[in-house]
Amino acid sequence: MVQVKQIQEMGAYVKLLEYDNIEGMILLSELSRRRIRSIQKLIRVGRNEVVVVMRVDKEKGYIDLSKRRVSPEDVIKCEERYNKSKTVHTIVRHVAEKTGKEMDEIMELVAWPLYKKYGHAFEAFKLSISEPETVFADMNIPEDIYSELRVNIARRLTPQPVKVRADIEVTNFSYNGILTIQEALAAGESLSTEEIPIKIRLVAPPLYVMVTNTTDKQGAIERLEQAIEKIGEVIKREDGGFLNVKMKPKAVSETDDLELAALMDRVARENKEVSGDEDSDGE
């Protein structure tokens with residue numbers, strides 16, 4: 001993994017982030033397999049890039065790198081490994097600062113043995129959240145370092161809950177339509193689990209919002225998809241039943257929530273105005 005420092009006609013000067021920021025160069029011919037029309041569209045100063053080392057000239061201090069020889073699969077693997085290593089480095093640095101120790105001392109005492117045992121210290125740190133005895137049992141770590149390590153690991157690696165939402169339209173024009181809709185929505189909510197609770201709220205007929213808060217994002221998406229399928233089965237048992245997925249299950253941001261809240265407020269105001277008009281007509 002490198003970070004682009006400077007772009008020139010010959011190529012791009014970069015620093016190798018995993019090798020003490022030493023300088024290397026990606027030649028213009030090694031930037032892309034395709035014809036290069038604009039180097040600025042391929043690479044930008046400050047951006048991280050995955051590259052492979054082609055040549056090292058120790059005498060002159062040259063390191064020639066290639067971006068075009070890296071496969072998409074290698075990019076994904078490298079980015080994942082780099083992000084894990086960056087997280088481990090951050091945790092170790094904070095522990096060193098808090099305990100007044102050198103980073104190298106913490107690495108030798110904690111990180112390197114875990115790399116050797118688990119393949120990557122990140123995996124060990126992650127496991128230690130639920131099984132600290134399994135991970136640290138055979139390690140002679142001083143209490144102050146161990147305590148600070150547990151605090152930092154918990155702060156950075158404990159899964160944070162995410163909100164997953166789906167928007168659906170449900171209608172049924174049969175004689176028992178309202179009861180069928182209620183039954184269908186109840187069937188969807190019945191697929192809730194303790195880890196993935198499902199709540200369905202009315203926005204405005206026929207629009208409903210399905211929401212769950214959980215640490216298992218993918219599991220929540222799959223569970224909501226199952227709930228939507230169940231709702232569809234029940235609502236379509238009779239003629240006149242219809243289900244339309246307005247928004248497939250996905251993790252939503254605070255902005256999405258604010259937009260939904262604004263929509264619900266607007267609908268509530270409109271309904272209140274309609275109710276007021278009816279009262280006026282009655283007078």
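In this predicted model, the buried residues of helix H8 are Gly219, Ala220, Ile221, Leu224, Ala227, Ile228, Ile231, Gly232, Val234 and Ile235. H8 runs from residue 217 to residue 235 and holds 19 residues. From first C-alpha to last, H8 reaches 27 Å. That is close to the 27 Å expected at 1.5 Å a residue.

What lies over the buried residues of H8? The cover includes strand S7 (162-172), helix H7 (177-189) and strand S8 (199-204). It also includes strand S9 (207-214) and strand S10 (241-251).

Leu224 sits in H8. Its relative accessible area is 0%, so Leu224 is buried. Which residues touch Leu224, apart from its neighbours within four places in sequence? They are Val164, Arg165, Ala166, Ile198, Met210, Thr212 and Pro249. Asp64 is another matter. Leu224 and Asp64 are 160 residues apart along the chain. Their C-alpha atoms are separated by 49 Å.

Now turn to the helix pairs. Two packed helices are described by the angle between their axes and the distance between the axes. Start with helix H2 (residues 72-99) and helix H6 (residues 143-157). They pack at an angle of about 140°. Their axes are 9 Å apart. The crossing of H2 and H6 is right-handed.

Which residues make this contact? H2 brings Thr87, Thr90, Ile91, His94, Val95, Lys98 and Thr99. H6 brings Asp144, Ile145, Glu148, Leu149, Asn152, Ile153, Arg156 and Leu157. By class, the contact of H2 with H6 has six nonpolar, five polar and four charged residues.

The second pair is helix H3 (residues 103-118) and helix H4 (residues 121-128). Their axes come within 7 Å and cross at roughly 95°. H3 and H4 are therefore roughly perpendicular to each other, since that label covers angles of 65 to 115 degrees. On the H3 side, the contact residues are Val110, Ala111, Leu114, Tyr115 and Tyr118. They meet Ala121, Ala124, Phe125 and Leu127 in H4. By class, the contact of H3 with H4 has nine nonpolar residues, no polar ones and no charged ones.

Last come some backbone details. Most residues other than glycine have a negative phi, and most peptide bonds are trans. Which residues here have a positive phi without being glycine? Asp20 is one of them, with a phi of about 60°. Asp20 is found in the loop between strand S2 (11-16) and strand S3 (22-27). Its relative accessibility is 73%, so Asp20 counts as exposed. Asn21 also has a positive phi, near 60°. Asn21 too lies in the loop between S2 and S3. With a relative accessible area of 41%, Asn21 is partly exposed.

The peptide bond from Pro205 to Pro206 is cis. Its omega is near 5°. Where is Pro206? Pro206 has its place in the loop between S8 and S9.

Key:
Residues numbered from 1 in each chain as written. Predicted model: local features only at pLDDT ≥ 70, side-chain atom pairs only at ≥ 80, totals over all residues. Heavy atoms only, no water. Axes fitted to C-alpha atoms, helices over the stretch in contact; angles between N-to-C directions. Helix = DSSP H or I, 4+ residues; strand = E, 2+ residues; numbered from the N terminus. Left-handed = near helix turned anticlockwise from the far one by under 90°. Contact = heavy atoms within 4.5 Å. Nonpolar A, V, L, I, M, F, W, Y, C, P; charged D, E, K, R; others polar. Expected span 1.5 Å × (residues − 1). Buried < 20%, exposed > 50% of the residue type's maximum accessible area, 1.4 Å probe, protein only. Parallel < 35°, antiparallel > 145°, perpendicular 65-115°, else oblique.
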